Each structure stands twice: as C-alpha cells, then as structure tokens.
Amino acid sequence: MNADHPPRAGSARSAAEDLLASAEWDLPPSRHLRHKEALMQQIDRAHTSSPPTSSSHTPSPQTSPAQRRRRLPRPALVLPAVSMALAGALFITFSGGGHDSAPAAGAGTAPAEANSASATLGRIAAAAMETDATPVKDGQFVYVERLTRGNTGSFDGPVRLGALHKQEVWTAQTPGPVTRTGWMRETGEDAVMPGQEVPIEFTEPVRAGIDHPTYAWLASLPTDPDALLELLYSRTRTEDGDSKHQTVFGRIGDLLSSTIMPPATASGLYKAVERIPGVTQIPDAVDAAGRHGIGITREDAESATRDVWIFDKHTFAHLGSRSYITRDEARGITTDTLYGIDAVMVRAVVDRHGEEPAGEEPARTES
C-alpha cells in the first residue's frame, strides 16, 4: 500500500471490501484466505493513516497460528492503491531465499501412514513418467482451467465458501526478467472481476525460476528426488506461523497444479514429497467437480492448516485440491473447516493470453 497516496475514506474502503468479498486469487486454496485478510489489513492501515508498528509484524507467544498467518502471509498481495485494485491491477509478490535443510526420508511420520503414502506417491510418480508432454516454447502460454470455491466470509469472521465458478490462467513462458508473468480470468458468481483479464504481476522483475516456473526451467531441475528436495528447501522461505515442511509441500503443490510439467520433473517431485515429514494418504477425497480420488495430505500444527491433493484412483492424474483450517481461536474453529477447494479441468498450450484451447473437453465430473 502506498503510504504517500492513501485511499479516501468511506467509498474507497467500501468498494475494496466488495472486491475482497469475492476475492479468489490465482493461487491454490491454501493461500486465498491469508492473502485476502492481509490486503484487508493494508486497507485498514491506509484508511486510518497510521503506519504499522513493529509489533504488527512480530507475533507474541500468545498469538494463535491463524493470527500469525494473517500478519505475515506468503506470498503477499500488494496493491499500490485501492483505486488500482478497483481498476483491475493485481500484483502478486513472492518471497524467495531461506537455507533450511531438507528432511531425512520418512522423518516425523507414523510408519504405516508413511508407507501407505509412499507407495501411492511411487505409483503416481511412475504414472507421471509415462505421460506425454510437448515442450512449451518461450513465446507461448500454459493454459489452466479450473473450477474453484474459496472463503468469502468477512474479515476475521466465520468461514463461508463462495459459489463454484470458473477460473482460467495463462502463464507466460518468457524466461525474463519480467514483471508480468501471466493473466487470469474468472466467470460466475463470486468471481474476481468477472469476465475481465487480470494481469498477474510482480513488483520487481523476475527470471524463470521457482517464482516464475517456466517449462524450460522445470526441465532444467535435477530429477533425483533428494537433490530436488534440497533445492526446494534452500529456495523456499517461510514466514511466521508456517513450518518449512508445509511451505515446501505447498510450493510443490503449486507447481504440480498450475503448470505443464516435464514428465521426469513431475516424477522426481512426487518422489521428493515422499521424503517430507507428515505426508499421509486418505482413501477417498472429492474435488470441486465432484470427482472422487485418492488424497495425499499433510496437516501442519504450526500454521493450523491441512492441504489435500487429489488424484484419479486409476490413472493417478492430478484432479484438484482441498484446504482446511484445523484451528483458529479467533474464528472459533476447533476442527477441520474447509476454506478452499478446486478442480483442474483443462491444461493446454496456447499462443496468446485470452486464447482458449481448441477442441479441449473439460474433464468428466462424477458425483
């Protein structure tokens, strides 16, 4: 938020609240709640014209995990002014860095649960290795269409899932440095600026890498799972309230759900997930399209969240995800509460943003 040009009181805040009430950013469900609340805090600070204090960035020992997540979300949404948000400018900035070590295989997981998840991830990795993937050229875009629902509840209020709607994302493959890495368009009730193509931008130029994962960069990664996991742990930074393991688990989920992945890289990532502590399997999980699949999940005590990746029980293709808050004293949440769900319907390569792939049929839904 630009402190030199604070938003006007009253109408600007009301309009921003209306925008946020249907906010469903181009990110996995596990990030949506944090981003919306962080932006709401920025609007509050600008509205009162009072700068944030140091205490607003340093949680006390009594602060709940959910409260810590609101203070320092990752990644952060940055709007230069509320008027820019209302005009449709969307900025997403990612944090990089960090030097924590990768975990030992199977550490911190019950043996039976670890073995079950490990066996399933091994089958998913083998299936990924057998898929066909046409390399994406630098001037092209990866197109992903998904169905999604996210929290539309009020700031610091109860979780309320919004309406199911369509989200389309075009991710640029230009290696950079660039500030604009893609475009997003949503349609339907509770969509962000329905029907409009919204730019996805960084405040500083970025090159192809973990924050701008082009097909060429993904293909350049090591495929050995230990080397791959070490790289991810070294390049992924955590914020207060998030554990390193959950942050890396979430980042891998981001990569697998929002890109077209080289087969060897995808296989290596799934094998790397086997080595993250706390990863388990659930026999049945349902995506936003109503399709049933196998769930790979991880619950994180530090951030009080649980994420589930859903895979087809026969082909092991990635279907979608579910995200839960497991505890939030401020909201009165004491058990798993769903606050985000999606379903990946189409992945394709197109030549320009705004273009929809010809002849692509959405994946069949099952109730």
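The model is predicted, so local features are described only where pLDDT is at least 70, side-chain atom pairs count only at pLDDT 80 or more, and totals for chains, interfaces and linings use all residues. Residues are numbered from 1 along each chain as its sequence is written, and side-chain values use heavy atoms, with hydrogens and water left out.

**Overall make-up**

Let's start with the whole chain. The protein chain has 9 helices and 11 strands; these are DSSP runs numbered from the N terminus, with helices being H or I of at least four residues and strands E of at least two. Of its 367 residues, 54% count as buried, where buried means under 20% relative accessible area, exposed means over 50%, and partly exposed lies in between (1.4 Å probe, protein chains only). Among contacts in the chain with a separation of 6 or more, 64% come from residues 24 or more positions apart; a contact here means heavy atoms within 4.5 Å.

**Helix 8 and helix 9**

Now for a helix pair. Helix 8 covers residues 244-258 and helix 9 covers residues 263-273; their axes come within 11 Å and cross at roughly 155°. The axes are lines fitted to C-alpha atoms over the stretch in contact, and angles run from 0 to 180 degrees between N-to-C directions. The two helices are therefore roughly antiparallel to each other, a label used for angles over 145 degrees.

Which residues of helix 8 and helix 9 meet? Phe-249, Ile-252 and Leu-256 in helix 8 meet Ala-266, Leu-269, Tyr-270 and Val-273 in helix 9. The residues of this contact divide into 7 nonpolar, no polar and no charged. Nonpolar here covers Ala, Val, Leu, Ile, Met, Phe, Trp, Tyr, Cys and Pro; Asp, Glu, Lys and Arg count as charged, and the others, Gly among them, as polar. As a reminder, an α-helix has 3.6 residues a turn, so residues three or four places apart point the same way.

Helix 9 is mostly covered, with 9 of its 11 residues buried. Among them are Pro-263, Thr-265, Ser-267 and Gly-268, and the buried set also includes Ala-266, Leu-269, Tyr-270 and Val-273.

**Salt bridges**

A search of the whole structure finds 13 salt bridges, each defined as a side-chain nitrogen of Lys or Arg within 4 Å of a carboxyl oxygen of Asp or Glu. Here are some of them:

| Salt bridge | Closest N and O atoms |
|---|---|
| Arg-185 with Glu-168 | 3.0 Å |
| Arg-180 with Glu-201 | 2.3 Å |

Arg-185 forms a salt bridge with Glu-168. Arg-185 lies in strand 5 (residues 178-187) and Glu-168 in strand 4 (residues 165-172), so this pair ties together parts 17 residues apart in sequence. Arg-185 counts as buried at 13% relative accessibility, and Glu-168 does at 1%.

Arg-180 forms a salt bridge with Glu-201. Since Arg-180 lies in strand 5 and Glu-201 in strand 6 (residues 198-206), the pair ties together parts that are 21 residues apart in sequence. Arg-180 is partly exposed at 38%, whereas Glu-201 is buried at 11%.

Arg-275 is buried, at 18% relative accessible area, while Asp-226 is partly exposed at 43%.

Conventions: Parallel < 35°, antiparallel > 145°, perpendicular 65-115°, else oblique.
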